[in-house]
Amino acid sequence: MFSPPPINNGIEVSGEYSLPIVILSIIIASLASFTAISMNERIQKNSFFHRNFWLVLASLAMGFGIWSMHFVGMSALSLPFMMHYDSLLTCLSIIPSVIASFLAFYIVNQKKRSITTYLLSGIFMGIGISTMHYTGMASMVMDAYYVYNPWIFITSIITAILVSFVALYIFSRQQRYAKNNYIKALTSAIMGLAVPSMHYIGMAGTSFYLPKQQVMTAGHHMNITLLITGVTIGITLLLGLLQLSSLVDRYVDFRVSHIDILTKLPNRRSFEKALNDEDVYRSIAVWNLHNLEKVNNDHGYHFGDEVIQYAANALHQLNIPLSELYRIDGNRLALLLQGKDRLNELQHAMKNISAKWNHPVIIQEKKILLQGVCAISTINDQQSQKRLFSDILAVLSSPGIQYKNEVIRFDPLIHTYSFEQEILNTIDQAMKNDDLFLVYQPKVNAGTHKIVGLEALIRWNHTEHGFLSPGVFIPILEQSHRISDVTNWVINKVCNQIKVWEEQNLPTYRIAINIPGEYVTSPRLLRTLKKALNRYSVNPSLVELEITETTVMESAESSMRAINTFREAGFSVALDDFGTGISSLSNLRQMPISTLKIDKSFVDEVPQSEKDSSILEAIIALGHSLNLNIVIEGVETKNQVDFLTSTSSLLSLQGYYFAKPMEPDEVMEWIKARNNE
Ligand code: C2E
Ligand code: MG
Ligand code: MG
C-alpha cells in the first residue's frame, strides 16, 4: 500500500473537498464527544446503574461518532471515479473505534490518574481511530489504485494519539466543572477534532491513480447516498443514546427519590408531596414498628427487611378503597385515606391488623412477635391536610405507649403539640430552605498561628423560634432518630463548600464534621460520605470526622471497627470532647483515631489552676506520645494561648480568642485578612 502503482496503471488523480460536508463531519465528531462526555459524567457519579453501563454507552457513542465521521468525511471528497464500499469491512470497521473508546474511557475513569494514564488512554484512542480509518479505507471497492505516503501515514497516527491524549487529559480535568456547559462544549470540540484531524491528514497522504483512458472520461463523483446514510445513522444513534440516557436518568431519579426500594411503596418524599400538594386526604393511620432494631440484631438485616415487607403487605392487602400506602420511615408505614367520615372504618381495619399481630406471625419459617403502635387521625374540611401528620407525631411521641399494637386515635386534649414535634415537623423544610446552615470555626497552629483546619457547626434560623442553638435541637433530632438525615445534609453541604472554594481557587482546609453517636456505626454513613465525595470530587483527606468520646465508649467495639473503616477510606477521625467521657487514658492506645480534641472544660481554669494545668500537660504529653494531632477546644484568652504554646508548639487551638464560627464568605475574608497581616 506504500508502493507506487505499475507504470501503465494510470495517472494520479485528485479529488475535491466539499467544505460544508467537511464541517458536517467535524460537527458529528464533536457531537459524539459531547454525548460521550455526558455519559462519562454518569460513570463518575454514583448512579443507580453500574458504572460499566455508562462506560459502554459512552464507548458506543464515541465509537459510532468516529465511524460516521469517517464516512461523512469520505463523502466530502469527490473523486473522478465510481466506488462503493464492501459492506462487511464497513461494518467491521466500527469495532476498533468502539473498543478503543471503551479502553480509553475505562482507563481515564480510574480513581488514581497520572500522566501515564492519559498517555495510555491517548494511545488506545489514537490507535482505535486510525485502525477504524484505515479499515474504512480498505473497505473501498473501485477501479482506482491508491497509495499511502508512509510519512504522512505515520503522522496521521501520531496526530490521532496526541490529540486524543490532550483531549482525554482536558476531559478528565474538566470533570469537576462538568456542570459548566461551555467547558463541556469546548472539551467536546477538542475531542471532536482528534478524529477529523487524523482523517484529513491521512487523506492528504493518500494518492489515487486511474488508468489513462478512464481519466479522460471521468467526471467527479460524490456518493451522496452514503453521506445521507452515514449522517442519519450517526445522528440517530447519538441522539437516541442521549435521549435514552436522559430518560433512564429521569426514571432512576424518580425511582430513587420517590419510591422505597425495599417495599416498592412510595416513600416519605412522596408522602410529603401528597400532603402538601393534593387536598384530598381526610384520614390517616401510621404504624410505627417498634422492635425492628432488635429483630435486626437477633436475626440479621435481611430478616428485618422481610418483617417490614410483611407488615407492608398486610396493610396493602386490606385493599381499603381510596387509600394510599407509604413507607415514610425505616419503621413507619402510613395509610392516607380520601373521603369524609371514614375514621371508624379505618379504626376497624387497623384493629383487625392489631388483633393479628398480637399473636406471633411466621416469617421465613420463624415465629416472631411484631410490636408496634398505630396512630390514627382525621380532619374536617376546614382543617389543613398537613395537620394529619403532626397529629400522628403528637400521638406517637406521647408517653405511655406500650407497643402492644394498640390503635390510638388522636385526641387534642391528650396529645398536645409540643416544641419537640414542631422541630421534627420543620426539620425537612429547614434543610430544603437553608434555614439550617453551616458556620465554620478555624483551628490554628499554636506555634505558627497558621490555619490548620475548620470545623463545620450547624445553625438553625427557625421560621417560628428564631436562632436555635444546636444544643437545643440536636438532642431532639437524636432522640427521634432524625439526626442521620441532618448529618447527611451536613456532609453534602461541607463537600459542596470544599468544591466551591476549590473552584474559586481559594485555599482549602480539612473540614471537621460532627458525627452523632448513633450514626457512627451505621453503614449508611460511609455510603453517604463516599457518595458526597464522589459527587463533589472531594478528596477524603479534606474531611475529618468528629466522634465524641462518649459515643465511642458506649459501644467501644463497633465504634472502633467503624473508625477503622473511616481511616481506611482516607478520612481523619477526631475524638471530640475528650475528657468528658469515662474512657481510661489507656484506651486511647487502641483507638485508630488521628486527632484528639480536648474538651473546653480542661482549659477553662488554665493557667490559674495548677491542678488543671498539670492535667492538661499530662494529656498533651500522652497524645503526643501516641502520635496524635491535638486540638484544644474553647480557647478564649491570651493567657491560655501563651500557656498552651509554651507547653507544645505542635498543638492546634480552636476558640473565640481566634475566631467564632463564621459563615463561609466571612471565614474566607477572615483568612485573607490574617494572611495579609
Ligand atoms: P463541639 O463539636 O464540641 O463544638 C464546639 C462547640 O464549642 C461549638 O458550639 C463552638 O461554637 C463552641 N466554641 C468554640 N470555641 C469556643 C470558645 O472559645 N468558647 C465557648 N464558650 N464556646 C466555644 P456549638 O456550635 O454551639 O455546638 C455545640 C455542639 O453541638 C457541638 O459541640 C456538637 O457536639 C454539636 N454540633 C454542632 N454542629 C453539629 C453538627 O453539624 N452535627 C452534629 N451532630 N452535632 C453538631
Ligand atoms: Mg466538634
Ligand atoms: Mg467538642
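Which residues coordinate the magnesium ion (ligand 2)? The ion is held by E455 (OE), N514 (OD1), E546 (OE) and D576 (OD), at 2.0 to 2.3 Å. Donors here are N, O and S atoms within 2.8 Å of the metal (3.2 Å for Na, K and Ca), and water is not among the atoms, so sites may look incomplete.

This is a predicted model, in which local features need pLDDT of at least 70 and side-chain atom pairs count only at pLDDT 80 or more, while totals for chains, interfaces and linings use all residues. Residues are numbered from 1 along each chain as its sequence is written, chains are lettered from A and ligands numbered from 1 in the order in which they are written, and side-chain values use heavy atoms, with hydrogens and water left out.

D576 also coordinates the magnesium ion (ligand 3), which is 3.9 Å from the magnesium ion (ligand 2). E455 belongs to strand β16 and N514 to strand β18, so the pair ties together parts that are 59 residues apart in sequence. Strands (E, at least two residues) are DSSP runs, numbered from the N terminus.

| Residue | Relative accessibility | Class |
|---|---|---|
| E455 | 4% | buried |
| N514 | 29% | partly exposed |

Across the chain, buried residues make up 50% of the 677 residues. The C-alpha atoms fill a box of roughly 105 × 75 × 50 Å along the principal axes.

How values were computed
Buried < 20%, exposed > 50% of the residue type's maximum accessible area, 1.4 Å probe, protein only. Helix = DSSP H or I, 4+ residues; strand = E, 2+ residues; numbered from the N terminus.
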